[in-house]
Amino acid sequence: MDIQLKRGLIEICVLKVLTAGDSYGYQLIKDISPYMEISESTLYPILKRLEAAKMLSVYPAEHNGRLRKYYKITECGKERIKDFITEWQDVMKVYHFMVPLSILG
């Protein structure tokens with residue numbers, strides 16, 4: 001898969017997972033892994049970019065005596081999901097238009 005496409009899809013996957021509730025890095029990897037290969041070295045830069053873009057916020061919370069970073073989707077992040085769905089629908093319209101043309105030869 002193209003690396004830019006994969007990065008964009010992972011961003012949307014992270015945001016979508018966070019619509020179900022706040023989460024932390026390792027749990028996000030576990031939640032996304034059944035659908036797409038993802039590693040810590042891929043996830044954490046994406047989390048930083050999403051935070052910088054105000055699509056998610058970060059806060060610390062104690063868990064078993066240790067501080068853990070939790071990520072929470074923002075309204076901007078929810079809007080990004082909506083925009084992605086619209087963009088994806090546009091891509092699929094083009095694809096469905098082009099498929100019959102490829103049959104013609």
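Residues are numbered from 1 along each chain as its sequence is written, and side-chain values use heavy atoms, with hydrogens and water left out. Because the model is predicted, local features need pLDDT of at least 70 and side-chain atom pairs count only at pLDDT 80 or more, while totals for chains, interfaces and linings use all residues.

**Pocket**

The largest pocket has a volume of about 150 Å³. A pocket here is an open set of points on a 1 Å grid over the protein atoms alone, where a 1.4 Å probe fits, with protein on both sides within 12 Å along at least five of seven lines. The volume is the space filled by probe spheres set on the points, which are joined across faces, edges and corners.

Y24, G25, Y26, Y44, L47, K48, E51, V58, R68, K69 and Y71 line this pocket; a lining residue has an atom within 4 Å of a point. At least two lining residues come from each of α2 (25-32), α3 (40-52) and β2 (66-73), and α3 gives the largest share, with four residues. Helices (H or I, at least four residues) and strands (E, at least two) are DSSP runs, numbered from the N terminus. The lining comprises six nonpolar, four charged and one polar residue, where Ala, Val, Leu, Ile, Met, Phe, Trp, Tyr, Cys and Pro count as nonpolar, Asp, Glu, Lys and Arg as charged, and the others, Gly among them, as polar.

**Surface and backbone**

A nonpolar surface patch is formed by V94, F97 and M98, with about 310 Å² of accessible area together. Patch residues have over 30% relative accessible area and no salt bridge, and nonpolar side chains are joined within 5 Å. A salt bridge is a side-chain nitrogen of Lys or Arg within 4 Å of a carboxyl oxygen of Asp or Glu. Areas come from the Shrake-Rupley method with a 1.4 Å probe. V94 lies in helix α4 (residues 75-104) and counts as exposed because its relative accessibility is 51%; the classes are buried under 20%, exposed over 50% and partly exposed in between.

Most residues other than glycine have a negative phi. Two exceptions are tabulated.

**Residue pair**

C13, in helix α1 (residues 3-18), is partly exposed at 25% relative accessible area. C13 and D31 are 18 residues apart in sequence, with 9.2 Å from C-alpha to C-alpha.

Technical notes
Patches are made of residues with over 30% relative accessible area and no salt bridge: like charges are joined within 9 Å, nonpolar side chains (Val, Leu, Ile, Met, Phe, Trp, Tyr) within 5 Å. Buried means under 20% relative accessible area, exposed over 50%, partly exposed in between (1.4 Å probe, protein chains only).
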